[in-house]
Amino acid sequence: MDFILYFLDYIQLKIEHNYYFSLIIFLSLMILYNSFSLPGNPIFMTSAGFLYGIGIGFSVSIIGIVLGSLIFYLFVSFLFKKIFPSFYNKYSSKAHSYLSDSTFEYLIIFRMIPGFPLIVQNLVLTILKIDKLKFIISSIIGFSPLVFAFVYFGKQLNNISKL
């Protein structure tokens with residue numbers, strides 16, 4: 001336990017000396033991690049709250065998850081269009097016809113559901129042919145409650161570790 005606390009103090013000391021550089025590195029790693037839609041985002045978001053506080057940690061986490069998801073969305077939709085054009089057009093047209101009236105509300109609710117892995121969410125949204133701006137705004141709104149909860153938890157862990 002002492003080793004973990006010593007290690008965390010060491011990391012916080014390095015962050016204090018190179019704050020902006022560490023923030024850029026953390027954001028870049030988070031975008032890269034989310035562009036592959038790997039599981040484990042709560043660890044990054046909790047770490048952001050622990051290392052940078054609620055305001056900066058929330059901002060970095062939401063930017064990282066939204067930009068990473070957008071990169072995944074653009075890349076996979078490009079692949080689907082090039083590799084499986086008939087499959088993509090057939091199913092995306094059907095899904096788009098069902099959801100065309102209130103797509104924005106469904107997207108926000110879909111992003112707020114905490115049970116689905118990020119890769120499943122992004123793959124489903126790729127098939128729906130969502131506008132990029134709608135994708136970004138609905139992701140920001142939909143991810144915000146969950147991101148805030150994990151960042152706040154990380155900040156509280158920092159407060160406990162200081163005791």
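**Aromatic pairs and a buried serine**

Phenylalanine 148 has a relative accessible area of 41%, so the residue is partly exposed. The model in which this value was computed is a predicted one. Phenylalanine 148 sits in helix α7, which covers residues 132–162, and tyrosine 152 lies in that helix too, 4 residues apart from phenylalanine 148, or about one turn of the helix. Tyrosine 152 is likewise partly exposed, because its relative accessible area is 40% and this class lies between the limits of 20% and 50%.

A pair of aromatic rings is described by two quantities, the distance of the centres and the angle of the planes. Across the model, 10 aromatic pairs are counted. In one of them, the ring centres of phenylalanine 3 and phenylalanine 7 are 6.3 Å apart and the planes meet at 20 degrees, so the pair is stacked. The cut-off behind that label is an angle under 30 degrees between the planes. Phenylalanine 3 and phenylalanine 7 belong to helix α1 (residues 2–17); because they are 4 residues apart there, about one helical turn separates them. Phenylalanine 3 is exposed, as its relative accessible area is 63%, whereas phenylalanine 7, at 42% relative accessibility, is partly exposed.

Phenylalanine 148 and tyrosine 152 also make an aromatic pair, with 6.1 Å from centre to centre and 20 degrees between the planes, and this pair is stacked.

Aromatic residues also come together in a group: Tyr19, Tyr20, Phe26, Tyr33, Phe44 and Tyr52 form one aromatic cluster.

Serine 77 is the next stop, in helix α3, which spans residues 41–83. Is serine 77 buried or exposed? Its relative accessibility is 9%, so serine 77 counts as buried, the limit for that class being under 20%. Within the model, the side chain of serine 77 reaches the backbone oxygen of tyrosine 73 at a distance of 3.0 Å. Leaving aside residues up to four places away in sequence, serine 77 touches Tyr88 and Thr126.

Conventions. Residues numbered from 1 in each chain as written. Predicted model: local features only at pLDDT ≥ 70, side-chain atom pairs only at ≥ 80, totals over all residues. Heavy atoms only, no water. Helix = DSSP H or I, 4+ residues; strand = E, 2+ residues; numbered from the N terminus. Buried < 20%, exposed > 50% of the residue type's maximum accessible area, 1.4 Å probe, protein only. Polar contact = N/O pair within 3.5 Å; in protein donor to acceptor, adjacent residues only side chain to side chain. Contact = heavy atoms within 4.5 Å. Phe/Tyr/Trp six-rings, centres within 6.5 Å; stacked < 30°, edge-to-face > 60°.
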